[in-house]
Amino acid sequence: MKKSLLVLSLAFGLSACNIDDRLQFASETKKSEQIHLSAENTGLLIIDAQQGYVMDSDDFWVKVFYPQYEIPAQNVDPQLHSSIDRIAQLAQKANELNMPTTITYEAFETDLGLDYTPYITRIEQALDENTQSYFKQTFNSTLEADIHAAMKAWSDAGVSRVIVAGAETDVCVMQTILGLKKMGFDVYLASDATFSTEIYERPTFKRLQQAGVKLAKASEIIESMAAKDKLIFSPRYAVGTRDELYQGDRHKMAMINFNMDDTSLAKAEHDNKPATAPRFTFLGLEQEFLFSYMPSFHVNKKGKAYTSKYRKNANVVSYKTIDPVIADIKAAGKTQAVISGVVSQLGLYDAVYKLIEADITPVILEDALLGSDVDPIHYLDYIYQLGAVPSAQKSHGYEMYVEIQLGDFTEEEIAAYYQMIALNEVVIPEVYPRLR
(Lines give C-alpha, C1' and ligand atoms only; values in the text may rest on other atoms or scores of the structure.)
Protein backbone atom coordinates (compact mmCIF):
# COMPACT_ATOMS: atom_id res chain seq x y z
CA MET A 1 0.00 0.00 0.00
CA LYS A 2 1.55 3.29 -1.01
CA LYS A 3 1.79 5.89 1.70
CA SER A 4 -0.08 8.25 -0.62
CA LEU A 5 -3.23 6.61 0.68
CA LEU A 6 -2.30 7.78 4.13
CA VAL A 7 -2.08 11.50 3.44
CA LEU A 8 -5.63 11.62 4.76
CA SER A 9 -4.12 11.84 8.24
CA LEU A 10 -6.69 11.88 10.97
CA ALA A 11 -6.73 14.39 13.79
CA PHE A 12 -8.50 12.18 16.27
CA GLY A 13 -9.00 14.96 18.76
CA LEU A 14 -11.37 16.66 16.32
CA SER A 15 -15.06 15.99 16.16
CA ALA A 16 -16.42 13.35 13.79
CA CYS A 17 -17.87 16.13 11.67
CA ASN A 18 -14.47 17.76 11.24
CA ILE A 19 -12.88 14.45 10.37
CA ASP A 20 -15.52 13.92 7.70
CA ASP A 21 -14.67 17.34 6.28
CA ARG A 22 -11.01 16.39 6.00
CA LEU A 23 -11.62 13.16 4.12
CA GLN A 24 -12.07 13.56 0.38
CA PHE A 25 -14.33 11.24 -1.58
CA ALA A 26 -12.62 9.57 -4.51
CA SER A 27 -14.17 11.96 -7.00
CA GLU A 28 -11.42 11.19 -9.48
CA THR A 29 -13.00 7.79 -10.14
CA LYS A 30 -13.61 7.65 -13.89
CA LYS A 31 -17.21 7.77 -15.04
CA SER A 32 -16.72 6.24 -18.46
CA GLU A 33 -14.27 5.29 -21.18
CA GLN A 34 -14.38 5.20 -24.94
CA ILE A 35 -13.63 1.62 -25.85
CA HIS A 36 -14.49 -1.07 -28.37
CA LEU A 37 -14.69 -4.46 -26.69
CA SER A 38 -14.03 -6.30 -29.94
CA ALA A 39 -13.75 -10.00 -30.65
CA GLU A 40 -10.06 -9.44 -31.41
CA ASN A 41 -9.17 -8.12 -27.96
CA THR A 42 -11.98 -9.31 -25.66
CA GLY A 43 -13.35 -12.60 -24.34
CA LEU A 44 -16.55 -13.42 -22.45
CA LEU A 45 -16.32 -15.60 -19.33
CA ILE A 46 -19.57 -16.87 -17.80
CA ILE A 47 -19.22 -18.34 -14.32
CA ASP A 48 -21.42 -21.20 -13.09
CA ALA A 49 -24.71 -20.15 -14.75
CA GLN A 50 -26.37 -23.30 -13.39
CA GLN A 51 -29.87 -24.17 -12.24
CA GLY A 52 -28.40 -25.13 -8.87
CA TYR A 53 -27.76 -21.48 -8.03
CA VAL A 54 -31.22 -20.22 -8.99
CA MET A 55 -32.91 -19.68 -5.62
CA ASP A 56 -36.51 -20.10 -6.75
CA SER A 57 -35.72 -23.26 -8.71
CA ASP A 58 -36.41 -26.80 -7.49
CA ASP A 59 -32.78 -27.50 -8.44
CA PHE A 60 -31.44 -24.89 -5.99
CA TRP A 61 -28.71 -26.77 -4.18
CA VAL A 62 -29.89 -25.83 -0.69
CA LYS A 63 -33.32 -27.34 -1.41
CA VAL A 64 -31.62 -30.50 -2.64
CA PHE A 65 -29.00 -30.99 0.09
CA TYR A 66 -30.58 -29.15 3.04
CA PRO A 67 -34.36 -29.59 2.70
CA GLN A 68 -34.75 -28.82 6.42
CA TYR A 69 -33.96 -25.15 5.75
CA GLU A 70 -36.73 -22.82 4.65
CA ILE A 71 -35.74 -20.41 1.90
CA PRO A 72 -36.88 -16.93 3.03
CA ALA A 73 -39.03 -15.49 0.25
CA GLN A 74 -37.53 -12.04 0.77
CA ASN A 75 -34.07 -13.46 0.05
CA VAL A 76 -34.90 -14.16 -3.58
CA ASP A 77 -33.63 -11.24 -5.63
CA PRO A 78 -36.56 -9.70 -7.55
CA GLN A 79 -34.09 -9.03 -10.37
CA LEU A 80 -32.90 -12.68 -10.47
CA HIS A 81 -34.46 -13.70 -13.77
CA SER A 82 -33.76 -10.34 -15.39
CA SER A 83 -30.09 -10.87 -14.50
CA ILE A 84 -30.23 -14.32 -16.08
CA ASP A 85 -31.79 -12.84 -19.23
CA ARG A 86 -28.95 -10.33 -19.42
CA ILE A 87 -26.34 -13.10 -19.17
CA ALA A 88 -28.07 -14.78 -22.11
CA GLN A 89 -28.03 -11.48 -24.04
CA LEU A 90 -24.28 -11.14 -23.50
CA ALA A 91 -23.78 -14.73 -24.68
CA GLN A 92 -25.90 -14.10 -27.74
CA LYS A 93 -23.99 -10.95 -28.65
CA ALA A 94 -20.67 -12.72 -28.20
CA ASN A 95 -22.03 -15.49 -30.42
CA GLU A 96 -23.00 -12.98 -33.14
CA LEU A 97 -19.56 -11.33 -33.01
CA ASN A 98 -17.65 -14.60 -32.87
CA MET A 99 -16.11 -13.43 -29.61
CA PRO A 100 -14.15 -16.11 -27.71
CA THR A 101 -16.41 -17.41 -24.94
CA THR A 102 -15.85 -19.71 -21.98
CA ILE A 103 -18.37 -21.01 -19.46
CA THR A 104 -17.61 -22.86 -16.22
CA TYR A 105 -19.67 -25.26 -14.15
CA GLU A 106 -19.15 -26.38 -10.59
CA ALA A 107 -19.73 -29.97 -9.52
CA PHE A 108 -19.22 -32.41 -6.68
CA GLU A 109 -17.23 -35.59 -7.14
CA THR A 110 -19.13 -38.70 -6.03
CA ASP A 111 -18.57 -42.44 -6.31
CA LEU A 112 -20.81 -42.32 -9.40
CA GLY A 113 -18.91 -39.44 -11.01
CA LEU A 114 -19.69 -35.73 -11.12
CA ASP A 115 -22.89 -34.47 -9.53
CA TYR A 116 -23.93 -31.13 -11.01
CA THR A 117 -26.99 -29.22 -12.12
CA PRO A 118 -27.37 -28.25 -15.80
CA TYR A 119 -26.72 -24.84 -17.26
CA ILE A 120 -29.66 -22.46 -17.24
CA THR A 121 -31.43 -23.30 -20.49
CA ARG A 122 -31.80 -19.83 -21.98
CA ILE A 123 -28.11 -19.12 -21.37
CA GLU A 124 -26.98 -22.43 -22.84
CA GLN A 125 -29.13 -21.88 -25.93
CA ALA A 126 -27.46 -18.51 -26.55
CA LEU A 127 -23.94 -19.94 -26.54
CA ASP A 128 -21.92 -20.47 -29.68
CA GLU A 129 -21.13 -24.09 -30.58
CA ASN A 130 -17.44 -23.27 -30.13
CA THR A 131 -17.89 -22.12 -26.53
CA GLN A 132 -15.34 -23.72 -24.25
CA SER A 133 -16.89 -25.40 -21.19
CA TYR A 134 -14.82 -26.27 -18.11
CA PHE A 135 -15.58 -28.17 -14.91
CA LYS A 136 -14.21 -26.59 -11.75
CA GLN A 137 -13.89 -27.40 -8.06
CA THR A 138 -12.29 -24.15 -6.94
CA PHE A 139 -14.20 -20.96 -6.28
CA ASN A 140 -11.55 -18.97 -8.14
CA SER A 141 -11.75 -20.52 -11.63
CA THR A 142 -8.24 -19.39 -12.56
CA LEU A 143 -6.81 -21.82 -9.99
CA GLU A 144 -7.94 -24.71 -12.20
CA ALA A 145 -5.05 -25.74 -14.44
CA ASP A 146 -7.11 -26.10 -17.62
CA ILE A 147 -9.05 -22.85 -17.13
CA HIS A 148 -5.84 -21.00 -16.31
CA ALA A 149 -4.30 -22.41 -19.47
CA ALA A 150 -7.34 -21.35 -21.52
CA MET A 151 -7.10 -17.81 -20.16
CA LYS A 152 -3.36 -17.78 -20.85
CA ALA A 153 -4.10 -18.86 -24.44
CA TRP A 154 -6.49 -15.91 -24.74
CA SER A 155 -3.76 -13.57 -23.55
CA ASP A 156 -1.22 -15.07 -25.94
CA ALA A 157 -3.71 -14.53 -28.78
CA GLY A 158 -4.05 -10.83 -27.97
CA VAL A 159 -7.15 -10.98 -25.75
CA SER A 160 -6.34 -8.52 -22.98
CA ARG A 161 -9.88 -7.80 -21.80
CA VAL A 162 -12.42 -10.15 -20.22
CA ILE A 163 -16.13 -9.51 -19.72
CA VAL A 164 -17.44 -11.51 -16.74
CA ALA A 165 -20.99 -12.51 -15.82
CA GLY A 166 -22.62 -15.38 -13.94
CA ALA A 167 -22.96 -16.70 -10.39
CA GLU A 168 -22.43 -16.22 -7.55
CA THR A 169 -21.58 -12.53 -7.46
CA ASP A 170 -19.91 -12.56 -4.05
CA VAL A 171 -18.15 -15.93 -4.33
CA CYS A 172 -17.04 -17.49 -7.62
CA VAL A 173 -17.56 -14.38 -9.76
CA MET A 174 -15.61 -12.15 -7.37
CA GLN A 175 -12.81 -14.64 -6.74
CA THR A 176 -12.42 -15.46 -10.43
CA ILE A 177 -12.25 -11.78 -11.35
CA LEU A 178 -9.49 -11.24 -8.80
CA GLY A 179 -7.70 -14.23 -10.33
CA LEU A 180 -8.03 -12.67 -13.79
CA LYS A 181 -6.65 -9.39 -12.47
CA LYS A 182 -3.71 -11.27 -11.00
CA MET A 183 -3.11 -12.75 -14.46
CA GLY A 184 -2.95 -9.23 -15.89
CA PHE A 185 -6.32 -8.96 -17.63
CA ASP A 186 -8.39 -5.79 -17.83
CA VAL A 187 -11.73 -6.99 -16.42
CA TYR A 188 -15.23 -5.68 -17.12
CA LEU A 189 -17.96 -6.98 -14.83
CA ALA A 190 -21.50 -6.91 -16.19
CA SER A 191 -22.85 -5.69 -12.87
CA ASP A 192 -26.52 -6.47 -13.59
CA ALA A 193 -25.74 -9.84 -15.21
CA THR A 194 -24.66 -11.59 -12.05
CA PHE A 195 -26.74 -13.14 -9.27
CA SER A 196 -26.34 -14.63 -5.82
CA THR A 197 -28.18 -15.74 -2.71
CA GLU A 198 -26.83 -12.52 -1.15
CA ILE A 199 -28.74 -9.54 -2.53
CA TYR A 200 -26.56 -7.06 -0.65
CA GLU A 201 -23.85 -6.79 -3.27
CA ARG A 202 -22.25 -3.43 -2.45
CA PRO A 203 -19.27 -4.81 -0.48
CA THR A 204 -18.41 -7.09 -3.41
CA PHE A 205 -18.75 -4.36 -6.03
CA LYS A 206 -16.74 -1.91 -3.93
CA ARG A 207 -13.98 -4.45 -3.47
CA LEU A 208 -13.83 -5.14 -7.19
CA GLN A 209 -13.74 -1.44 -8.00
CA GLN A 210 -10.88 -1.09 -5.50
CA ALA A 211 -9.06 -3.78 -7.47
CA GLY A 212 -9.40 -1.80 -10.71
CA VAL A 213 -12.32 -3.77 -12.15
CA LYS A 214 -14.68 -1.78 -14.37
CA LEU A 215 -18.34 -2.27 -13.52
CA ALA A 216 -20.97 -1.54 -16.17
CA LYS A 217 -24.50 -2.57 -17.02
CA ALA A 218 -24.89 -5.36 -19.57
CA SER A 219 -26.60 -3.01 -22.04
CA GLU A 220 -23.60 -0.65 -21.91
CA ILE A 221 -21.18 -3.53 -22.43
CA ILE A 222 -23.20 -4.84 -25.37
CA GLU A 223 -23.09 -1.39 -26.99
CA SER A 224 -19.32 -1.29 -26.54
CA MET A 225 -19.09 -4.77 -28.05
CA ALA A 226 -20.89 -3.30 -31.07
CA ALA A 227 -18.66 -0.18 -31.01
CA LYS A 228 -21.67 2.12 -30.76
CA ASP A 229 -20.89 4.28 -27.76
CA LYS A 230 -18.59 4.97 -24.83
CA LEU A 231 -18.88 2.68 -21.83
CA ILE A 232 -20.52 4.25 -18.76
CA PHE A 233 -19.39 2.68 -15.50
CA SER A 234 -22.19 1.59 -13.15
CA PRO A 235 -22.39 1.24 -10.23
CA ARG A 236 -19.53 3.52 -9.29
CA TYR A 237 -18.45 4.01 -5.69
CA ALA A 238 -16.33 6.64 -3.95
CA VAL A 239 -13.84 4.17 -2.53
CA GLY A 240 -10.69 4.83 -4.55
CA THR A 241 -8.32 2.17 -5.86
CA ARG A 242 -5.93 0.01 -3.87
CA ASP A 243 -2.32 -0.09 -5.02
CA GLU A 244 -2.06 -3.80 -4.26
CA LEU A 245 -4.44 -6.61 -5.19
CA TYR A 246 -5.92 -8.10 -2.03
CA GLN A 247 -6.80 -11.78 -1.94
CA GLY A 248 -7.83 -13.39 1.35
CA ASP A 249 -5.60 -16.11 2.76
CA ARG A 250 -6.54 -17.87 5.99
CA HIS A 251 -2.87 -18.51 6.74
CA LYS A 252 -2.11 -14.77 6.75
CA MET A 253 -5.07 -13.65 8.86
CA ALA A 254 -5.82 -12.46 12.34
CA MET A 255 -9.31 -11.76 13.72
CA ILE A 256 -10.14 -8.52 15.53
CA ASN A 257 -13.44 -8.49 17.42
CA PHE A 258 -14.43 -5.10 18.84
CA ASN A 259 -16.49 -4.76 22.02
CA MET A 260 -18.23 -8.12 21.91
CA ASP A 261 -19.57 -7.69 25.45
CA ASP A 262 -23.24 -7.96 26.34
CA THR A 263 -23.74 -4.26 27.04
CA SER A 264 -22.12 -3.07 23.82
CA LEU A 265 -24.06 -5.61 21.74
CA ALA A 266 -27.35 -4.57 23.36
CA LYS A 267 -26.78 -0.87 22.66
CA ALA A 268 -25.22 -1.27 19.22
CA GLU A 269 -26.62 0.53 16.17
CA HIS A 270 -27.58 -1.14 12.88
CA ASP A 271 -30.43 -0.64 10.42
CA ASN A 272 -31.23 -4.39 10.46
CA LYS A 273 -29.71 -5.66 13.67
CA PRO A 274 -31.60 -9.00 13.86
CA ALA A 275 -30.08 -10.04 10.53
CA THR A 276 -26.57 -9.75 11.95
CA ALA A 277 -27.15 -12.41 14.64
CA PRO A 278 -26.74 -15.54 12.44
CA ARG A 279 -23.68 -13.97 10.86
CA PHE A 280 -22.07 -13.47 14.27
CA THR A 281 -23.07 -17.04 15.14
CA PHE A 282 -21.29 -18.50 12.12
CA LEU A 283 -18.29 -16.21 12.58
CA GLY A 284 -17.93 -17.34 16.19
CA LEU A 285 -18.18 -21.00 15.22
CA GLU A 286 -15.47 -20.57 12.59
CA GLN A 287 -13.19 -18.85 15.09
CA GLU A 288 -13.68 -21.57 17.71
CA PHE A 289 -13.42 -24.59 15.43
CA LEU A 290 -12.44 -24.16 11.82
CA PHE A 291 -9.92 -21.32 12.01
CA SER A 292 -8.91 -21.67 15.64
CA TYR A 293 -5.25 -21.35 14.63
CA MET A 294 -5.78 -17.72 13.57
CA PRO A 295 -4.64 -15.17 16.15
CA SER A 296 -7.84 -13.73 17.64
CA PHE A 297 -8.27 -10.54 19.64
CA HIS A 298 -11.02 -8.85 21.62
CA VAL A 299 -10.59 -5.06 21.80
CA ASN A 300 -12.72 -3.69 24.62
CA LYS A 301 -11.87 -0.28 26.02
CA LYS A 302 -13.65 -1.02 29.32
CA GLY A 303 -12.12 -4.47 29.71
CA LYS A 304 -15.48 -6.25 29.70
CA ALA A 305 -15.75 -9.98 29.07
CA TYR A 306 -16.59 -11.47 25.66
CA THR A 307 -20.30 -12.28 25.45
CA SER A 308 -21.54 -15.82 26.05
CA LYS A 309 -24.12 -15.31 23.30
CA TYR A 310 -21.65 -16.15 20.54
CA ARG A 311 -18.76 -18.60 20.38
CA LYS A 312 -15.20 -17.36 20.16
CA ASN A 313 -11.64 -18.56 19.66
CA ALA A 314 -10.56 -20.39 22.80
CA ASN A 315 -7.24 -18.51 22.70
CA VAL A 316 -8.67 -15.03 22.18
CA VAL A 317 -6.49 -12.30 23.70
CA SER A 318 -8.21 -9.23 25.18
CA TYR A 319 -6.80 -5.71 25.08
CA LYS A 320 -8.25 -2.29 25.79
CA THR A 321 -6.67 -0.61 22.75
CA ILE A 322 -5.65 -1.55 19.23
CA ASP A 323 -1.91 -0.90 19.68
CA PRO A 324 -0.93 -4.15 21.43
CA VAL A 325 -3.14 -6.04 18.97
CA ILE A 326 -1.10 -4.68 16.08
CA ALA A 327 2.14 -5.57 17.86
CA ASP A 328 0.95 -9.17 18.35
CA ILE A 329 -0.21 -9.48 14.73
CA LYS A 330 3.17 -8.25 13.51
CA ALA A 331 4.98 -10.64 15.85
CA ALA A 332 2.90 -13.53 14.48
CA GLY A 333 3.87 -12.59 10.92
CA LYS A 334 0.27 -11.98 9.80
CA THR A 335 -0.59 -9.37 7.17
CA GLN A 336 -4.41 -9.41 7.07
CA ALA A 337 -6.81 -8.43 9.88
CA VAL A 338 -10.53 -9.22 9.68
CA ILE A 339 -12.64 -6.73 11.64
CA SER A 340 -16.06 -7.37 13.20
CA GLY A 341 -17.99 -6.48 16.33
CA VAL A 342 -19.17 -3.18 17.81
CA VAL A 343 -17.02 -0.12 17.15
CA SER A 344 -17.50 3.63 17.03
CA GLN A 345 -16.81 5.71 13.96
CA LEU A 346 -13.66 7.19 15.50
CA GLY A 347 -12.55 3.83 16.88
CA LEU A 348 -12.71 2.25 13.44
CA TYR A 349 -10.85 5.16 11.83
CA ASP A 350 -8.13 4.82 14.45
CA ALA A 351 -7.77 1.05 14.09
CA VAL A 352 -7.75 1.03 10.28
CA TYR A 353 -5.29 3.90 10.06
CA LYS A 354 -2.87 2.22 12.46
CA LEU A 355 -3.20 -1.21 10.81
CA ILE A 356 -2.37 0.24 7.41
CA GLU A 357 0.58 2.13 8.88
CA ALA A 358 1.81 -1.25 10.12
CA ASP A 359 1.40 -2.82 6.63
CA ILE A 360 -1.54 -4.96 7.78
CA THR A 361 -4.56 -4.99 5.46
CA PRO A 362 -7.84 -4.38 7.35
CA VAL A 363 -10.84 -6.34 6.03
CA ILE A 364 -14.27 -5.03 7.10
CA LEU A 365 -17.11 -7.54 7.51
CA GLU A 366 -19.96 -5.13 6.77
CA ASP A 367 -22.68 -7.51 7.89
CA ALA A 368 -20.89 -8.43 11.14
CA LEU A 369 -20.14 -4.85 12.14
CA LEU A 370 -22.30 -2.80 14.47
CA GLY A 371 -21.88 0.84 15.40
CA SER A 372 -21.67 2.17 18.94
CA ASP A 373 -22.75 5.62 17.77
CA VAL A 374 -24.40 5.26 14.35
CA ASP A 375 -25.06 2.49 11.80
CA PRO A 376 -21.61 1.98 10.24
CA ILE A 377 -22.96 1.88 6.68
CA HIS A 378 -22.97 5.69 6.84
CA TYR A 379 -19.20 6.08 7.08
CA LEU A 380 -17.60 2.93 5.70
CA ASP A 381 -16.65 4.52 2.39
CA TYR A 382 -14.34 6.84 4.31
CA ILE A 383 -12.69 3.76 5.81
CA TYR A 384 -12.27 2.16 2.40
CA GLN A 385 -10.53 5.26 1.13
CA LEU A 386 -7.85 4.68 3.72
CA GLY A 387 -7.23 1.28 2.15
CA ALA A 388 -9.47 -1.09 4.12
CA VAL A 389 -11.09 -3.88 2.08
CA PRO A 390 -14.90 -4.23 1.92
CA SER A 391 -16.24 -7.70 2.59
CA ALA A 392 -19.11 -9.63 4.17
CA GLN A 393 -19.29 -12.78 6.27
CA LYS A 394 -20.41 -15.12 3.48
CA SER A 395 -18.01 -13.74 0.89
CA HIS A 396 -15.09 -13.76 3.34
CA GLY A 397 -15.97 -17.26 4.55
CA TYR A 398 -15.97 -18.76 1.07
CA GLU A 399 -12.65 -17.11 0.33
CA MET A 400 -11.19 -19.19 3.17
CA TYR A 401 -12.33 -22.38 1.41
CA VAL A 402 -10.18 -22.49 -1.71
CA GLU A 403 -11.80 -25.66 -3.05
CA ILE A 404 -15.27 -27.11 -2.71
CA GLN A 405 -15.50 -30.36 -0.71
CA LEU A 406 -12.72 -29.02 1.56
CA GLY A 407 -10.21 -30.10 -1.05
CA ASP A 408 -7.37 -27.91 0.23
CA PHE A 409 -8.00 -28.48 3.96
CA THR A 410 -5.65 -30.40 6.23
CA GLU A 411 -6.91 -33.46 8.11
CA GLU A 412 -7.08 -31.36 11.27
CA GLU A 413 -9.14 -28.67 9.55
CA ILE A 414 -11.53 -31.25 8.09
CA ALA A 415 -12.00 -32.81 11.53
CA ALA A 416 -12.69 -29.36 13.00
CA TYR A 417 -15.20 -28.65 10.23
CA TYR A 418 -17.24 -31.77 10.97
CA GLN A 419 -17.01 -31.11 14.70
CA MET A 420 -18.50 -27.68 14.02
CA ILE A 421 -21.26 -29.08 11.80
CA ALA A 422 -22.17 -31.75 14.37
CA LEU A 423 -23.20 -29.03 16.84
CA ASN A 424 -26.27 -28.25 14.69
CA GLU A 425 -25.79 -24.56 15.47
CA VAL A 426 -24.82 -23.55 11.95
CA VAL A 427 -27.20 -21.57 9.79
CA ILE A 428 -25.72 -21.72 6.30
CA PRO A 429 -25.06 -18.35 4.63
CA GLU A 430 -27.45 -19.13 1.77
CA VAL A 431 -30.43 -18.79 4.14
CA TYR A 432 -29.23 -15.88 6.26
CA PRO A 433 -32.04 -13.34 6.63
CA ARG A 434 -31.72 -10.59 4.07
CA LEU A 435 -29.50 -7.78 5.40
CA ARG A 436 -30.52 -4.86 3.20
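The legends below describe several close-up views of a predicted model.

In this predicted model, local features need pLDDT of at least 70 and side-chain atom pairs count only at pLDDT 80 or more, while totals for chains, interfaces and linings use all residues. Residues are numbered from 1 along each chain as its sequence is written, and side-chain values use heavy atoms, with hydrogens and water left out.

**View 1. Helices α3 and α8 come within 10 Å of each other, by their axes.**
Helix α3 covers residues 80–97 and helix α8 covers residues 218–225, where helices (H or I, at least four residues) and strands (E, at least two) are DSSP runs numbered from the N terminus. Their axes cross at roughly 5 degrees; axes are lines fitted to C-alpha atoms, for helices over the stretch in contact, and angles run from 0 to 180 degrees between N-to-C directions. The two helices α3 and α8 are therefore roughly parallel, a term for angles under 35 degrees, with over 145 counted as roughly antiparallel, 65 to 115 as roughly perpendicular and the rest as oblique. Arg86, Gln89, Leu90, Lys93, Ala94 and Leu97 of α3 make the contact with Ala218, Ile221, Ile222 and Met225 of α8, contact meaning heavy atoms within 4.5 Å. Sorted by class, this contact of α3 with α8 has seven nonpolar, one polar and two charged residues (Ala, Val, Leu, Ile, Met, Phe, Trp, Tyr, Cys and Pro count as nonpolar, Asp, Glu, Lys and Arg as charged, and the others, Gly among them, as polar).

**View 2. Helix α6 (residues 169–183) pairs with helix α7 (residues 202–210), their axes coming within 10 Å.**
The axes of α6 and α7 cross at roughly 5 degrees, and that makes α6 roughly parallel to α7. In α6, Thr169, Asp170, Met174, Ile177 and Leu178 meet Thr204, Phe205, Arg207 and Leu208 of α7, and by class the contact of α6 with α7 has five nonpolar, two polar and two charged residues. In the loop between β7 (161–167) and α6 lies Glu168, and the peptide bond from Ala167 to Glu168 is cis, with omega near -15 degrees.

**View 3. Helix α15 (residues 411–422) has its buried residues along one face.**
The buried residues of α15 are Glu413, Ala416, Tyr417 and Met420, whereas on the other side of α15 Glu411, Tyr418 and Ala422 are exposed; buried means under 20% relative accessible area, exposed over 50%, and partly exposed in between (1.4 Å probe, protein chains only). Seen down the axis of α15, the buried residues fall within an arc of 105 degrees, so they line one face of the helix, the arc being that of the directions from the helix axis to the C-beta atoms. What covers these buried residues of α15 includes α10, a helix with 13 of its 18 residues buried, so that α10 is largely enclosed by the rest of the structure. Just after α15, Asn424 takes a positive phi of about 60 degrees.

**View 4. Asp48 and Leu406 are loop residues with positive phi.**
Most residues other than glycine have a negative phi, and most peptide bonds are trans. Asp48, in the loop between β2 (42–47) and α2 (61–65), has a phi near 45 degrees, and at 0% relative accessibility Asp48 counts as buried. Leu406, in the loop between α14 (393–400) and α15, has a phi near 55 degrees, and at 10% relative accessibility Leu406 counts as buried.
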